[in-house]
Amino acid sequence: MAEGANVADVQSGRIWPGRAQSWPTPRRIATLSVHTSPLDQPGTGDAGGMNVYIVEVARRLARAGVEVEIFTRATAGGLPPVVEMAPGVHVRHVISGPLEPLAKEDLPAQLCAFTTGVLRAEAARAPGFYDLIHSHYWLSGQVGWLAKERWGVPLVHTAHTLAKVKNAQLAAGDRPEPKARVIGEEQVVAEADRLVANTQVEAHDLMASYDADPERVAVVEPGVDLDRFQPAAAGRETAARLAARRRLGLREQGYVVVFVGRIQPLKAPDVLLHAVAALRARDPRLAEQMTLLVVGGPSGSGLDRPSALIDLAATLGVSDAVRFLPPQTGDDLAALYRAADLVAVPSHNESFGLVALEAQACGTPVVAAAVGGLVTAVRDQTSGVLIDGHDPVDWARVLGGLLAAPARRAELAQGAVAHARNFSWTRTADGLLAVYRGAVTDHRNRITSELAGGAAALGAGAW
């Protein structure tokens, strides 16, 4: 599909670009992101792909003429009430609870305070200031549910992850999502005017596990910054890879496998450490030439034992083959992908998997678990390889086989770049605009119908 093409699919039928363009475009939207700020560094705490999604989409919506105001919880003293993130995009810090980071499990108790802050911000504006609310994650959906009733505007919701799905694919030793979240998600699914799913898999999960109305479910795939994440210039691939390795302090020769993400059981970086140990048993000579680079910071239940991966590497006897780096951003992250021979994404669940897409856009093949949105983000045997399950022996076999086959990796690298070009944040923003237009149109039609019905009833009574 070409850059900028419409990518929104309603399960009852495609939203055709021509029809969508004839619907009213919202002038201004309120984006809700309670538990993590778009200004936070992805890869630490609760900041991850959702942060990237909100930032990139907001910027492109603003370029399309739609003002975006992002509400997030203030997590430190001295934060300015409002920050201009980009022209037409403002981040509003809402004081709700202590001015410090809180675990997601503690945030439901602060939703009342957060909602009050959101409603007060709107009350200080002229009536009808916002045309639409877009909430991200179930906590924000709870706030959006009340705000949409108060403001009389439609609510669009993106779950990003779903408790029932996560609990069904729980990593060993990880904590299941609480019942309160499951109930909260069910409520938001029932009340939202539109539900945006990242993939058809997620759309199916919404309908099968949450009884979502197919008429209100739309699929809009996330994108990738194709200007930043791109392969090295033709003929310069090897030189760029070596330069990136020198910059990161890695051996110029040998093999580099990279994991990028939050360090928590859900993301399963432990599978890769076990795979390194299994590869040493399977092919010691190849394993000696391999470095596993783990990039990210502890998050979620991973905070319970922040040194768990380091300890595991020591227990397995692979500490010499594993390096840990803090989260990387921007051009540094792109250079890291180019330094790698392979990027591994062994997550137990992913609503999409932006890391996989970014790596492929840089020309690096991806080995990923065949779960959730990764089956869309990675084209099996074309841009990378999907693995069923999390058996370290299977991962060692696939990783070792690809590292030992440079021609096959080069083939996958070409496929990776071609596959990633099918995605862009502009395309995502266009898809969301189509969803927004449909939600606003349906909302206005419903109000018009209700007013007409009320007038008819009054007329009948008078007669």
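Which residue forms a salt bridge with Arg 175, and how far apart are the closest N and O atoms? The partner is Glu 105, with the closest N and O atoms 4.0 Å apart; a salt bridge is a side-chain nitrogen of Lys or Arg within 4 Å of a carboxyl oxygen of Asp or Glu. This is a predicted model, in which local features need pLDDT of at least 70 and side-chain atom pairs count only at pLDDT 80 or more, while totals for chains, interfaces and linings use all residues. Residues are numbered from 1 along each chain as its sequence is written, and side-chain values use heavy atoms, with hydrogens and water left out.

**Salt bridges**

- The structure holds 24 salt bridges.
- The pair of Arg 175 and Glu 105 links distant parts of the chain, 70 residues apart: Arg 175 is in the loop between α5 (163-168) and α6 (179-191), and Glu 105 is in the loop between β6 (89-94) and α3 (111-123).
- Helices (H or I, at least four residues) and strands (E, at least two) are DSSP runs, numbered from the N terminus.
- Arg 175 is partly exposed at 39% relative accessibility, whereas Glu 105 is exposed at 52% (buried means under 20% relative accessible area, exposed over 50%, partly exposed in between; 1.4 Å probe, protein chains only).
- Within helix α6, Glu 185 and Arg 181 lie four residues apart, about one turn of the helix, and their side chains form a salt bridge at 2.8 Å, N to O.
- Glu 185 is buried, with a relative accessible area of 4%, and Arg 181 is buried at 1%.
- Arg 216 and Asp 213 also meet in a salt bridge (3.7 Å, N to O); Arg 216 is buried at 17%, and Asp 213 is partly exposed at 31%.

**Sheet**

- Six strands form an open sheet with parallel pairing, in the order β13-β12-β11-β14-β15-β16; two strands pair if DSSP finds at least two bridges between them.
- β13 (322-325) and β16 (384-387) stand at the edges with a single partner strand each, so one side of each has no neighbour in the sheet.
- Strands β11 (residues 255-260) and β12 (residues 290-295) pair in the parallel sense over six bridges, with Val 260 opposite Val 295 in β12.

**Helices on the sheet**

- Helix α12 (residues 330-339) lies across β11, β12, β13 and β14 (342-345), at about 140 degrees to β11; axes are lines fitted to C-alpha atoms, for helices over the stretch in contact, and angles run from 0 to 180 degrees between N-to-C directions.
- Helix α13 (residues 354-361) packs on the sheet and touches β11, β14 and β15 (366-369), where contact means heavy atoms within 4.5 Å.
- The direction of α13 makes about 170 degrees with that of β14.
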